Amino acid sequence: MGCKAVCFGLSCLLFAYYIYTPIPQNIEERWKVGIFDAIMKIISLTGTLFESIGLMTCEEWFFTIMRLDVTKPISDENVTVLDTAFGDIPVRLYLPKRKSEKQRPAVIFLHGGAFVLGTCKLSAYDSMNRWTANKLGAVVVGADYRLAPQYQFPVSLEDAIFVVKFFFQDDILANYGVDPTRICISGDSSGGVLATKVTELLQNDPEFKNKIKAQALIYPGLQLLDTFMPSHQENKHGPILSRDLAIKLGCLYLTKDKALPQVMRENQHMPRGSRHLFKFVNWSVLLPEKYKKNHVYKEPVLGKLDPPYPILMDSRVSPLITDDSQLQNLPLTYILTCEHDILRDDGIIYVTRLRKVGVQVTHDHIEDGFHGALSLLMSPFHLRLGYRIQNKYISWLEENL
Ligand SMILES: *[C@@H]1O[C@H](CO)[C@@H](O)[C@H](O)[C@H]1NC(C)=O
Ligand SMILES: *[C@@H]1O[C@H](CO)[C@@H](O)[C@H](O)[C@H]1NC(C)=O
């Protein structure tokens with residue numbers, strides 16, 4: 001009886017969310033996106049409920065559900081797939097079976113999940129990395145860096161750096177037949193943040209003797225300074241990624257203190273003495289007119305948090321506040337942004353900033369795209385949009401790596 005009541009309640013909720021959530025008109029397969037969005041909101045709501053009654057934290061709940069989608073390393077006729085480790089970091093390798101005369105290119109892929117969730121073994125990432133290996137004849141490395149809140153900043157970044165350096169060792173490259181001059185670092189969402197920061201730090205590190213050929217960033221979130229960008233305001237409720245959820249999870253990367261997300265929602269979280277950094281994220285200057293629409297720039301209020309979080313001024317958390325002198329050493333870059341994504345403006349501003357310092361950037365903007373679509377590749381939820389994003393990314397790699 002109790003179970004029936006709960007199921008009935010959840011179905012009503014699902015239906016209500018489905019009816020009331022506005023999915024942008026231009027989105028393809030709207031009914032599917034609507035259902036997925038409603039499911040996401042219910043998972044989120046149940047998580048909050050579980051957290052408030054002390055059953056488990058919201059992120060543990062997300063993790064429990066995500067675990068259902070973890071795949072085993074299954075080789076197929078084209079690609080050998082194996083789980084191993086670089087040092088202590090678990091990695092999944094995709095090794096093409098096709099013989100190659102030349103050394104192979106390689107891609108190191110860093111998955112998304114707000115630094116809190118995810119693994120490269122999720123079915124969508126597994127299928128994309130497999131396809132990348134097959135299509136490019138490339139060695140692909142999926143890296144499972146450690147996650148927050150157990151391992152907070154900068155652990156995931158350090159793990160990502162470790163994986164890249166480990167892979168660049170002569171004997172490892174030789175072992176997999178990889179050409180050190182044809183390696184790309186890729187990532188989606190928070191993985192995109194890691195990808196670009198790893199790339200930038202290594203390109204500027206005199207001790208690192210190699211050069212990274214390219215970086216590919218799929219809807220990356222690149223700053224925590226300003227949470228009132230036009231894209232934050234327009235896509236507050238998703239689809240899929242709401243502003244509240246992004247802030248809640250994103251903050252766990254830095255702290256468990258609930259005061260931070262609370263103040264960040266009001267855009268009053270930055271410490272005193274950080275005003276000089278806003279020139280790097282000032283959308284009223286850096287965003288093309290098309291995206292400003294009729295939004296009015298409002299300067300964030302500083303110094304409201306006690307104690308303050310100086311970590312918010314660290315460019316390893318917000319790559320957008322990196323100096324031009326460091327950015328200019330970035331390699332060939334691919335950036336994909338989606339119109340209906342709170343992180344849209346981060347990516348677009350990064351394109352502007354990189355081009356200004358002479359970095360060669362390919363920018364794909366998906367007018368009917370939204371955050372996380374890449375992860376919706378498996379049935380019954382697979383979306384044509386997910387495949388389109390995957391194909392754009394892989395085509396760019398094919399042409400440029
Ligand atoms: C193997 O590669 C061929 C050619 O690219 C492709 O048509 C086929 O679907 C691939 N097999 C698998 C299991 O992905
Ligand atoms: C942002 O840019 C506007 C000009 O469009 C300027 O008036 C404002 O002072 C800038 N704010 C900051 C914090 O840099």
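Predicted model: local features only at pLDDT ≥ 70, side-chain atom pairs only at ≥ 80, totals over all residues.

User: Where is Phe115 placed?

Analyst: Phe115 sits in the loop between strand 3 and helix 4. Its phi is near 70°, a positive value in a residue other than glycine. Ala114 lies in that loop too, between strand 3 (104–110) and helix 4 (123–136). Phi of Ala114 is near 60°, also positive.

User: Which residues does a cis peptide bond join at Pro239?

Analyst: Gly238 and Pro239, with omega about 10°. Pro239 is in the loop between helix 8 (230–234) and helix 9 (243–252). A cis bond also joins Asp306 and Pro307, with omega about 0°. Pro307 falls in the loop between helix 12 (289–292) and helix 13 (324–327).

User: Ligands now. Which residues surround ligand 2?

Analyst: Arg275, Phe278, Asn282, Ser284, Val285, Tyr297 and Glu299. To count, a residue needs a heavy atom within 4 Å of the ligand. The protein covers 59% of the 370 Å² of accessible area that ligand 2 has on its own (Shrake-Rupley method, 1.4 Å probe).

User: What lies 2.4 Å from an oxygen atom of ligand 2?

Analyst: A polar side-chain atom of Asn282. For Ser284, a polar side-chain atom is 2.7 Å from a ligand 2 oxygen. The cut-off for such a pair of N or O atoms is 3.5 Å.

User: And which residues are around ligand 1?

Analyst: Asp76, Glu77, Asn78 and Asn134. Ligand 1 alone exposes 360 Å², and the protein buries 43% of that. A polar side-chain atom of Asn78 is 2.5 Å from a ligand 1 oxygen. For Asn134 the distance is 3.2 Å.

User: Last topic. How do helix 2 and helix 3 cross?

Analyst: The axes of helix 2 (residues 30–52) and helix 3 (residues 58–67) come within 8 Å and cross at roughly 135°. Axes are lines fitted to C-alpha atoms over the stretch in contact, and angles run from 0 to 180 degrees between N-to-C directions. So helix 2 is oblique to helix 3; under 35 degrees is roughly parallel, over 145 roughly antiparallel, 65 to 115 roughly perpendicular, and the rest oblique.

Note on methods. Residues numbered from 1 in each chain as written. Chains lettered and ligands numbered in written order. Heavy atoms only, no water. Polar contact = N/O pair within 3.5 Å; in protein donor to acceptor, adjacent residues only side chain to side chain. Helix = DSSP H or I, 4+ residues; strand = E, 2+ residues; numbered from the N terminus.
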